[in-house]
Amino acid sequence: MTIDLTDTTTGAIDHALNEARRRLGGMTLGMVLTLIVVTDEAAQYDAIRAANQAAREHPCRILAVIARKPKADSRLDAEIRVGESSPGETIVLRMYGPLGQHADSVVAPLLVPDVPVVTWWPDEAPEIPARHPLGALAQRRVTDTAAAESPRAMLANLAAGYRPGDTDFGWTRATPWRSLLAATLDQPHPPVTAGEIAAEEGNPAADLIAAWLSLRLSAPVSRTVSAGPGITAAVFTTPEGDIKITRADGRTATLAWPGRTDRMVALHRRDTAELLAEELRRLDPDEVYAETLEHADLSAPAELPRRTNAPA
Amino acid sequence: MDVPNAGTRGPAPANPGVIAAGLDPANPLRDPRDRRIPRVAGPCVMVMFGVTGDLARKKLMPALYDLANRGLLPPGFSLVGFARRDWEHEDFAQVTYEAVKEHARTPFRETVWQQLSEGVRFVPGEFTDDEAFDQLAETVRQLDHERGTGGNYAFYLSIPPKFFSTVVQQLKRSGLSDPGPAGPDGRTPWRRVVIEKPFGRDLATAKELNDVVDAVFPAHSVFRIDHYLGKETVQNILALRFANTLYEPIWNRSYVDHVQITMSEDIGIGGRAGYYDGIGAARDVIQNHLLQLLALTAMEEPVSFDADSLRQEKEKVLSAVRLPADLALGTARGQYAAGWQGGRQVTGFLEEDGIPADSRTETYAAIKLSVDTRRWAGVPFYVRTGKRLTRRMTEIALIFQAAPHLPFAATDTKELGKNALVIRVQPDEGVTLRFGSKVPGSAMEVRDVNMDFAYGESFTEASPEAYERLILDVLIGDPPLFPRQEEVELSWRILDPVEQFWAENTKPEQYASGGAGPASADALMGRDGRAWRRL
């Protein structure tokens with residue numbers, strides 16, 4: 001059911017929600033968090049769709065905040081969707097004029113009581129997310145540096161303005177790679193003396209993996225540029241030769257180990273809903289991300305490849 | 001159940017074989033704070049016996065695929081099937097492919113299947129055939145070489161227990177069971193053996209069976225699968241009890257009136273006549289699933305969640321379980337009669353194919369137990385299980401005592417029952433709290449209402465299938481969810497006198513299919529002034 005409210009107040013929204021709930025028969029059961037999505041008119045459709053998909057794993061109230069026409073008179077329009085594609089509730093809040101600067105005054109009364117709040121910027125994010133009024137309401141703030149015009153510059157901003165509870169999709173996208181790299185080093189292996197991560201330019205996940213590896217292995221890890229898609233190779237240099245994981249097609253990786261047959265590993269790129277679902281799984285500060293971000297060297301541009309990255 | 005080892009390395013574990021490969025402290029990329037990186041099994045081969053069986057096709061193979069799809073299997077993971085079939089590797093891969101396509105829970109991805117299928121091998125042969133086992137040994141060694149599986153083998157015996165002895169001896173003879181010396185890096189390869197219920201049919205046979213496996217595999221490398229323990233709600237019993245302050249203060253004889261543990265099925269014995277006749281409901285379900293649920297419900301708080309502490313508490317409470325003095329009054333059993341179940345006409349147990357007309361095997365069993373501890377003195381635990389009942393359902397219900405004083409008129413509280421906390425294990429996993437509430441209106445009228453927590457609503461797709469969790473735990477070497485031989489023996493000690501009494505004294509009572517069980521079970525509760533919860 002969709003309810004449109006024009007020039008409205010949070011009181012009226014709350015009333016309409018209660019009314020809808022009564023008509024549908026108790027829909028709020030089991031909502032585990034409030035998800036604030038800060039977006040714009042152009043991007044809202046994709047963002048809300050991904051949020052709805054993630055809500056199947058984490059039933060939640062989605063508050064999409066869209067600022068419109070900053071010069072107009074202040075006005076709040078709301079679109080309430082309940083009992084549709086996801087188990088929770090979605091409220092799209094369009095704020096006109098100066099109200100756009102005071103979005104927190106609209107959002108705060110609509111938070112689900114007693115459960116955590118997560119704020120997600122699918123596109124451009126503020127320099128210091130925790131200082132943003134909508135970020136201050138949340139214990140978890142999710143940004144996406146890959147969507148920024150200059151991912152590296154934004155990553156550097158995030159590093160400077162980091163507060164516990166911040167996290168970035170660049171780090172989320174790194175998880176399958178990090179998991180595979182950790183599994184690779186679970187096997188008996190010669191000491192790793194250096195490393196390399198190859199990816200297309202402006203790939204924050206690759207920057208973060210390189211920083212993470214160099215921090216954990218206490219070895220230099222270079223970040224090189226390839227044609228993509230995404231991350232195409234990770235290399236551990238050892239005295240017995242290189243241990244190489246290459247992924248040319250964004251789907252299947254090949255693990256090449258000196259003196260062994262090459263092995264294939266499924267390593268597909270994930271969509272936004274999956275990334276968001278991973279972010280919502282744990283809501284405590286991610287200390288490993290904080291350390292990695294601090295360690296990342298974001299001043300130098302990525303290097304040219306040391307060698308070709310064709311699969312071995 | 002992750003073993004907490006935040007940064008510091010404690011004393012060496014007592015069982016060198018159970019160090020979790022996934023939490024290898026020597027790997028600098030692993031950090032206990034890094035919760036995004038999942039526990040991934042170390043390099044290994046799984047050798048599966050009984051690959052043509054239902055369990056292998058419907059549960060084990062799909063679970064392996066789902067694990068691969070979630071990225072929880074190591075690169076190079078290999079699966080070797082062994083069976084009396086004239087198959088090539090490709091034929092077995094095809095069988096696995098079909099099983100995965102039909103039964104896997106996660107979406108089918110060609111790339112994941114490609115990765116898995118590269119490590120699929122098949123060895124044909126009889127269990128008595130020395131040559132076949134030598135070939136099996138050769139196959140896994142080749143995999144070690146080709147795919148870097150590191151000499152780590154898990155043997156899954158998805159076969160009837162009568163073959164255990166032969167297979168285990170063959171594993172020994174062919175050298176497969178011997179992990180060999182430590183490698184150049186100081187790591188000893190591991191061997192693990194996975195067995196499924198039934199763990200014997202009484203104490204004596206359980207011991208015999210254990211001796212067979214024990215002769216070849218050390219106790220810490222034997223993983224007994226009770227798939228109930230892989231279920232999220234069952235693990236949640238521990239979280240509910242020990243992570244909250246709310247429940248523990250009332251989790252005792254001062255507040256609890258009695259406990260009911262139920263597993264009911266709506267189906268009959270199906271095609272399992274050969275196995276079921278002579279075994280019956282109590283051996284099939286109470287001895288393992290229900291007594292494990294009882295142990296988790298009644299046990300004291302373990303000092304930690306590592307395998308030893310957890311099993312110790314379970315063993316303590318199982319050793320305190322007592323049977324009623326008069327088994328004629330404290331137990332009930334029955335056989336389903338022909339009738340109607342769920343809108344279908346069904347046959348009675350005695351008319352089922354393969355069941356003798358004079359069979360005394362029960363399809364319904366109920367037992368009243370007590371737990372002789374300070375916490376539970378005087379609180380009866382009623383356990384029941386049956387086939388062809390109203391519906392399929394498993395639950396643990398703690399029924400609390402009535403409020404000591406009700407400051408309402410008797411008519412106001414006529415509809416007020418006792419408070420209850422119900423842990424729903426299946427099919428609709430969750431927790432229900434039943435309590436009294438005022439009916440809206442001008443009169444003071446109190447009636448029972450439910451407060452519900454449903455896993456389906458709160459944490460849906462993330463929860464893995466029980467077999468997925470258990471297979472991963474085997475490959476990682478994490479044993480808390482697997483009962484130890486001591487627990488198996490303690491359970492048989494509880495059940496054996498009942499079985500003996502039944503064999504000597506009673507004939508199972510017929511009960512209507514689609515109902516709630518035999519009248520004698522209701523009478524058992526009635527004598528105590530209580531009633532079974534509605535199915």
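Which residues in H1(B) meet Tyr467(B), Glu468(B), Ile471(B) and Leu472(B) in H13(B)? They are Leu55(B), Lys59(B), Leu60(B), Ala63(B), Leu64(B), Asp66(B) and Leu67(B), where contact means heavy atoms within 4.5 Å.

## Basis of the model

This is a predicted model, in which local features need pLDDT of at least 70 and side-chain atom pairs count only at pLDDT 80 or more, while totals for chains, interfaces and linings use all residues. Residues are numbered from 1 along each chain as its sequence is written, chains are lettered from A and ligands numbered from 1 in the order in which they are written, and side-chain values use heavy atoms, with hydrogens and water left out.

Helices (H or I, at least four residues) and strands (E, at least two) are DSSP runs numbered from the N terminus. Two strands pair if DSSP finds at least two bridges between them. Axes are lines fitted to C-alpha atoms, for helices over the stretch in contact, and angles run from 0 to 180 degrees between N-to-C directions.

## Helix pair in chain B

Helix H1 (residues 54-69) of chain B packs against helix H13 (residues 466-476) of chain B at an angle of about 70°, and their axes are 9 Å apart. That makes H1(B) roughly perpendicular to H13(B); the classes are roughly parallel under 35 degrees, roughly antiparallel over 145, roughly perpendicular from 65 to 115, and oblique for the rest.

The crossing of H1(B) and H13(B) is right-handed. A crossing is right-handed if the near helix is turned clockwise from the far one by less than a right angle, and left-handed if anticlockwise. The contact of H1(B) with H13(B) has 8 nonpolar, no polar and 3 charged residues. In this classification Ala, Val, Leu, Ile, Met, Phe, Trp, Tyr, Cys and Pro count as nonpolar, Asp, Glu, Lys and Arg as charged, and the others, Gly among them, as polar.

## Sheet in chain A

In chain A, 6 strands form an open sheet of mixed pairing, ordered S10-S9-S11-S12-S13-S14. Its edge strands, each pairing on one side only, are S10 (221-225) and S14 (263-266) of chain A. Neighbouring strands of this sheet are turned by 20° against each other on average, direction ignored. Strand S9 (residues 194-199) of chain A runs parallel to S10(A) and is joined to it by 5 bridges. Ala199(A) has Val225(A) in S10(A) as its bridge partner.

Helix H6 (residues 169-184) of chain A lies across S11 (231-238), S12 (241-246), S13 (252-256) and S14 of chain A, at about 25° to S11(A). Helix H3 (residues 110-117) of chain B lies across S13 and S14 of chain A, at about 145° to S14(A).

## Further contacts of H6 in chain A

H6(A) also packs with helix H7 (residues 204-217) of chain A, at an angle of about 50° and with the axes 8 Å apart. H6(A) and H7(A) are therefore oblique to each other, and H6(A) passes H7(A) in a right-handed crossing. Residues of H6(A) in this contact include Trp171(A), Ala174(A) and Trp177(A), and those of H7(A) include Leu208(A), Ile209(A) and Trp212(A). The contact of H6(A) with H7(A) divides into 10 nonpolar, 1 polar and 2 charged residues.

The structure holds 23 aromatic pairs over all chains. Rings of Phe, Tyr and Trp (its six-membered ring) pair if their centres lie within 6.5 Å; planes under 30 degrees apart count as stacked, over 60 as edge-to-face and the rest as tilted. The ring centres of Trp120(A) and Phe169(A) are 5.8 Å apart and the planes are at 45°, so the pair is tilted. Trp120(A) lies in strand S6 (residues 117-120) of chain A and Phe169(A) in helix H6 of chain A, so the pair ties together parts that are 49 residues apart in sequence.

## Sheet in chain B

Chain B has an open sheet of 6 strands in the order S3-S2-S1-S4-S5-S6, with parallel pairing. S3 (120-124) and S6 (222-225) of chain B are the edge strands. The twist averages 20° from one strand to the next. S5(B) and S6(B) pair in the parallel sense over 4 bridges, and the bridge partner of Val193(B) in S6(B) is Val222(B).

## Backbone details

The peptide bond from Lys197(B) to Pro198(B) is cis, with omega near 5°. Pro198(B) is in the loop between strand S5 (191-196) and helix H6 (203-214) of chain B.
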